[in-house]
Amino acid sequence: MVAGPLSQAEAKSLLASVNYDANVTWNENTHFTKRDNLANLLVNVIILCFIIIGFALVAGVAFGGIRILARRMFPGRVFERAESREFIALHLSEKPPET
């Protein structure tokens, strides 16, 4: 850094005395590995979806099978009680009562 008036000859000699040697290193990979590939991510997401769907199907079949088994082993006790079948219905297709 130079401050103050400087002649052109002094500036050129000062500039010539500066030795700059640039060394550039590159530490990053320049190719994609299997881990960094976007297509591999999409394939793994699709595989995960199939696994989750498989678990859901197995759980649904197991739940339905347990209900059927309980209905056959204990008829009228577990799922077919009269108080559990009552529900509120609106009967929208019927005519309203005349008063």
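# Chatting about a chain of helices

From the N terminus on, the elements of the protein chain run α-α-α.

Visitor: Hi! How many helices and strands are there?
Guide: The secondary structure comes to three helices and zero strands. Helices (H or I, at least four residues) and strands (E, at least two) are DSSP runs, numbered from the N terminus.

Visitor: What kind of model is this?
Guide: This is a predicted model, where local features need pLDDT of at least 70, side-chain atom pairs count only at pLDDT 80 or more, and totals for chains, interfaces and linings use all residues. Residues are numbered from 1 along each chain as its sequence is written, and side-chain values use heavy atoms, leaving out hydrogens and water.

Visitor: What is the mean pLDDT of the chain?
Guide: The mean is 82, and 90% of the residues reach 70 or more; pLDDT is the predictor's confidence in each residue, from 0 to 100.

Visitor: Okay, H2 then. How far apart are its end C-alpha atoms?
Guide: They are 52 Å apart, which agrees with the 52 Å that the 36 residues of H2 should span at 1.5 Å a residue. The expected span is 1.5 Å times one less than the number of residues.

Visitor: Which residue caps the N-terminal end of H2?
Guide: Asn 37 does, with a side-chain oxygen 3.3 Å from the backbone nitrogen of Ala 39.

Visitor: New topic: is Phe 55 buried or exposed?
Guide: Phe 55 counts as exposed because its relative accessibility is 60%. Buried means under 20% relative accessible area, exposed over 50%, and partly exposed in between (1.4 Å probe, protein chains only). Phe 55 sits in helix H2 (residues 38–73).

Visitor: And Ser 17, where does that lie?
Guide: Ser 17 is in the loop between helix H1 (8–16) and H2. Ser 17 counts as partly exposed, because its relative accessibility is 48%.

Note on methods: A polar contact is a pair of N or O atoms within 3.5 Å; within protein, one must be able to donate a hydrogen and the other to accept it, and residues adjacent in sequence count only if both atoms are side-chain atoms.
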